[in-house]
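Me: I have a structure open here and have not looked at it before. Can we go through it together?

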Amino acid sequence: MLDTREKQGLRCGYPLLSVENVKLGYRVNGHTNVAVGNAGFQVWPGEKVMLLGPSGCGKSTLLKAVAGFLEPEDGVISFAGRQDLRPGPDRAVVFQEFDQLFPWRTVLENVAYPLRATGRSRDEASEKARRFVELTGLSHAVDRYPHQLSGGMKQRVAIARALALEPRMLLMDEPFGSLDAQTRARLQKELNEVTRRTEVTVLFVTHSIQEALVLGDRVVVLGHAPSEVREVLEVTGAAGDLDSKRFAWTRRQLCNLLAEDGEEVDDAVFE
Amino acid sequence: MQSLSRERTESTALPDTIGKKSGGGYWGRFPTVARYAVLVLALLGAWQLYVSLSGTQALILPGPVDVAKAFVEGWADGRLASATLKTLCIGMVIGMAVALILTAFATWTKVGEDLLSLLTSMLNPVPAIAILPLAILWFGLNPTALIFVIVYSITWPIAINVSTGFETVNPTLVMVGRNLGLGGWRMAGDVLFPAALPHTISGLRTGWAFGWRTIVAAELVFGVAGKGGGLGFFINDARYFLRIPEVFAGIVTIALIGILIEAIFNAVERRTVIRWGMMNG
């Protein structure tokens with residue numbers, strides 16, 4: 001376990017991920033729709049960085065670019081010193097959709113298959129799959145098929161599957177976005193526990209201020225599309241004491257940042 | 001949004017009593033197999049009773065016992081269905097291969113996609129039996145002509161369904177596959193093919209049903225021409241020589257094989273796509 005100061009201390013040397021002046025868009029009928037105008041931030045090993053922004057600001061697009069699913073129109077994304085990013089298991093992705101699991105594989109097989117597919121031996125894959133299924137509290141459901149699981153359990157499997165790959169960075173695209181508030185809160189707590197134990201680096205997309213504060217070490221705030229990075233805020237431990245002055249201040253700060261365009265920030269996202 | 005739509009379906013759901021048969025209580029308590037067995041026996045009994053009591057000539061309507069005898073004899077000497085099944089199997093295998101090639105072509109290239117959609121929309125409405133005269137002209141009165149029409153009849157439903165299956169694979173699953181760095185073959189075998197399995201099975205089911213009807217019809221035409229073997233020929237030959245129980249045995253065989261193959265498809269579905277929740281049971 002590292003506290004804030006030690007983590008900042010680690011931030012010398014090279015970042016694991018560096019996004020510089022990145023412009024992202026997708027083509028619709030021949031012309032390009034710019035989603036992300038100019039984004040820049042860094043992620044150091046062991047950090048949990050949250051990409052926070054309003055719906056449609058391109059934060060998911062940015063995550064997909066880091067995952068290697070699409071190329072920037074402009075700018076550079078470099079991961080572990082490489083710039084020709086293709087999708088790879090070193091940046092395991094957890095998606096928002098519940099149907100990201102293979103319906104024809106059981107919970108255990110869903111976690112073990114990616115390990116086999118990336119060259120681990122049968123024994124290693126099954127041993128590791130069991131370990132990570134246990135870590136995410138799914139031991140009782142190893143032989144169930146995805147359609148027999150609740151939404152929260154499906155997302156746990158997806159997290160176990162991604163973690164079992166032992167990625168250098170875990171990319172999470174609003175994994176709790178479709179869950180009810182209670183389940184979401186429980187999974188956030190569990191994720192904190194798991195990431196603390198595995199010390200994995202996390203890049204996490206969310207539109208919820210609460211989620212960003214509970215899970216993040218730092219929050220990268222994006223504006224409306226074509227978005228730019230408005231602010232990068234240290235929030236480590238801010239959610240530790242929900243009544244503390246620091247927490248209230250950080251929350252207010254984030255609300256103000258998101259509401260800059262006169263937009264109503266739904267306080268309901270903050271529970 | 002999700003909870004809204006769920007509420008709506010709940011509010012429009014039928015009350016419990018609607019849709020349930022009245023008097024299902026006593027009869028419904030028996031297991032399915034027993035219920036159907038009783039019905040089949042009752043029908044056979046009624047048939048035998050009618051034949052015995054009405055004094056109908058056995059030449060017009062033979063009793064179930066005579067039909068059963070003819071059925072057993074027909075199977076025992078292999079005249080009844082072995083030729084038909086063999087032709088059908090060859091046709092199915094070739095048809096599946098053709099459908100697979102067309103589908104692969106359609107999945108990987110735009111030209112192939114257009115070609116498949118053009119061919120299916122042009123040729124699918126033409127019943128396979130309608131091209132039998134052409135097949136006879138090209139290949140003569142022999143099994144090759146039969147195989148040709150079977151291949152024709154099953155290729156389109158299979159190709160349409162399988163390519164729809166590949167087109168509608170959940171994009172998130174494809175992204176998961178790409179995230180793992182799966183290569184083309186692995187992606188196809190481990191992600192795309194299983195994801196398209198519900199469509200593939202229903203395509204095979206439709207293809208089989210088309211093929212089965214086509215071969216019986218085509219063999220009847222061959223039977224009229226006095227040529228070849230197989231079910232259609234068996235039925236026509238029996239009619240010609242007034243072996244009426246054999247005519248019935250032929251028809252029963254057609255029904256039984258149809259039921260058997262349906263049962264196989266149902267079993268495959270129960271063990272795969274239904275078990276995996278990809279299709280409702």
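Me: How many residues of chain B are in contact with chain A?
Reply: In this predicted model, 15 residues of chain B are in contact with 19 residues of chain A.

Me: Changing topic. How many residues are in the largest nonpolar core?
Reply: The largest nonpolar core has 137 residues. Among those with the most contacts inside it are Leu51(A), Leu203(A) and Val149(B).

Me: Which helix gives the most to this core?
Reply: Helix 8 of chain B, residues 143–167, which supplies 15 residues.

Me: What does Val149(B) touch?
Reply: Leaving aside residues up to four places away in sequence, Val149(B) touches Ala128(B), Ile129(B), Ile131(B), Leu132(B), Ala135(B), Thr214(B) and Ala218(B).

Me: What about Phe71(B), is it buried or exposed?
Reply: Phe71(B) counts as buried because it has 20 C-beta neighbours inside 10 Å, and 20 or more is the cut-off for buried. Phe71(B) lies in helix 4 of chain B, residues 64–76.

Me: What does Phe71(B) touch beyond four places in sequence?
Reply: Phe71(B) touches Ala249(B), Val252(B) and Thr253(B). The C-alpha atoms of Phe71(B) and Glu246(B) are separated by 6.8 Å, while the two residues are 175 residues apart along the chain.

Me: Now the strands in chain A. How do strand 1 and strand 2 run?
Reply: Strand 1 (residues 17–28) and strand 2 (residues 31–43) of chain A run antiparallel, joined by nine bridges. Val19(A) stands opposite Phe41(A) in strand 2 of chain A. The hairpin of these strands has two residues between them, and Asn29(A) takes a positive phi near 50° there.

Me: Which sense does strand 1 of chain A take with strand 4?
Reply: Strand 1 of chain A pairs with strand 4 (residues 74–79) of chain A in the antiparallel sense, over five bridges. Leu17(A) stands opposite Phe79(A) in strand 4 of chain A.

Me: Last one. Where in chain A does pLDDT stay under 50?
Reply: Over residues 1–7 and over residues 267–271. Chain A averages a pLDDT of 86, and 88% of the residues score at least 70.

Note on methods: Residues numbered from 1 in each chain as written. Chains lettered and ligands numbered in written order. Predicted model: local features only at pLDDT ≥ 70, side-chain atom pairs only at ≥ 80, totals over all residues. Helix = DSSP H or I, 4+ residues; strand = E, 2+ residues; numbered from the N terminus. Buried ≥ 20, exposed ≤ 12 C-beta atoms within 10 Å, placed from the backbone. Contact = placed C-beta atoms within 7 Å. pLDDT = per-residue confidence, 0-100. Core = buried A, V, L, I, M, F, W, Y, C linked by C-beta atoms within 7 Å. Pairing = 2+ DSSP bridges.
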